Amino acid sequence: MKKVKIAFWIIVFGFVGLVIFQNKDFFMSESRLMINLGFFYYETPFMANAIFFVAFFLLGILISYFLNLLKHFKDAKTIKTFKAKEASLIDTVASLEKQLSSQMAPTEASPPAAGDDEPVVEVAAEVK
């Protein structure tokens, strides 16, 4: 499976390199970005389109990283809550087992009374 993953990524990067190589004129041509919000105006200097592609790609990676980081913290908090709940349930089970074992402990049989001279008769059930 490891070799399949390596081969997959080699193919993906190969196709990306092929697209960039075949469109070299587009990626090397210069352009600028303009931002006009009415109260704010900004214009970048002329730069190659490849720089814009790389910049926005890295910006997307950063955004996805921080969104996943927030999810990670939320999941860690949930796991911590579940572990605390598990610990309390284990303590409850242990105390209930202790109570059950103390109730099930064999009590010492009391000695027969002095006036009881009758023999004890045990009857077995007939097995067919």
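Reader: How many salt bridges are there?
Author: The count comes to two salt bridges. This is a predicted model, and the values here are computed from it.

Reader: Which side chain does Arg32 meet in a salt bridge?
Author: Arg32 meets the side chain of Glu43, at 1.8 Å from N to O.

Reader: Which residue forms a salt bridge with Asp75?
Author: Lys71, with the closest N and O atoms 3.2 Å apart. Asp75 and Lys71 are four residues apart in helix α3, so about one helical turn separates them. Asp75 is partly exposed, with a relative accessible area of 35%.

Reader: Where is Asn49?
Author: Asn49 is in helix α3, which covers residues 49–104.

Reader: Buried or exposed, that Asn49?
Author: Asn49 counts as buried because its relative accessibility is 10%, and the cut-off for buried is under 20%.

Reader: What does its side chain make a polar contact with?
Author: The side chain of Asn49 makes a polar contact with the side chain of Ser31, at 2.6 Å. Leaving aside neighbours within four places in sequence, Asn49 is in contact with Phe26, Phe27, Ser29 and Ser31.

Reader: Switching to rings. How many aromatic pairs?
Author: Six aromatic pairs. One of them is Phe8 with Trp9, an edge-to-face pair with 5.3 Å centre to centre and 75° between the planes.

Reader: What sort of aromatic pair do Phe26 and Phe27 form?
Author: Phe26 and Phe27 form an edge-to-face pair, with 5.4 Å centre to centre and 70° between the planes. Phe26 is partly exposed at 43%, whereas Phe27 counts as buried at 13%. Phe26 and Phe27 are also among the contacts of Asn49.

Reader: Which residues do ring pairs link into a cluster?
Author: Phe8, Trp9 and Phe13 are linked into a cluster by ring pairs.

Reader: Now the surface. Which residues make the nonpolar patch?
Author: Leu33, Phe56, Leu59, Ile63, Leu67 and Leu70 make a nonpolar surface patch of about 590 Å².

Reader: What share of the residues counts as buried?
Author: Of the 128 residues, 4% count as buried.

Reader: What share of the contacts comes from residues 24 or more positions apart?
Author: Among contacts with a separation of 6 or more, residues 24 or more positions apart account for 6%.

Reader: Last one. How many helices and strands, and what pattern?
Author: The chain has three helices and four strands. Along the sequence the pattern is α-α-β-β-β-β-α.

How values were computed:
Residues numbered from 1 in each chain as written. Predicted model: local features only at pLDDT ≥ 70, side-chain atom pairs only at ≥ 80, totals over all residues. Heavy atoms only, no water. Helix = DSSP H or I, 4+ residues; strand = E, 2+ residues; numbered from the N terminus. Buried < 20%, exposed > 50% of the residue type's maximum accessible area, 1.4 Å probe, protein only. Polar contact = N/O pair within 3.5 Å; in protein donor to acceptor, adjacent residues only side chain to side chain. Contact = heavy atoms within 4.5 Å. Salt bridge = Lys/Arg side-chain N within 4 Å of Asp/Glu carboxyl O. Patch = residues over 30% accessible without salt bridge, like charges linked within 9 Å, V, L, I, M, F, W, Y side chains within 5 Å. Areas by Shrake-Rupley, 256 points an atom, 1.4 Å probe, with all protein chains shown as cover. Phe/Tyr/Trp six-rings, centres within 6.5 Å; stacked < 30°, edge-to-face > 60°.
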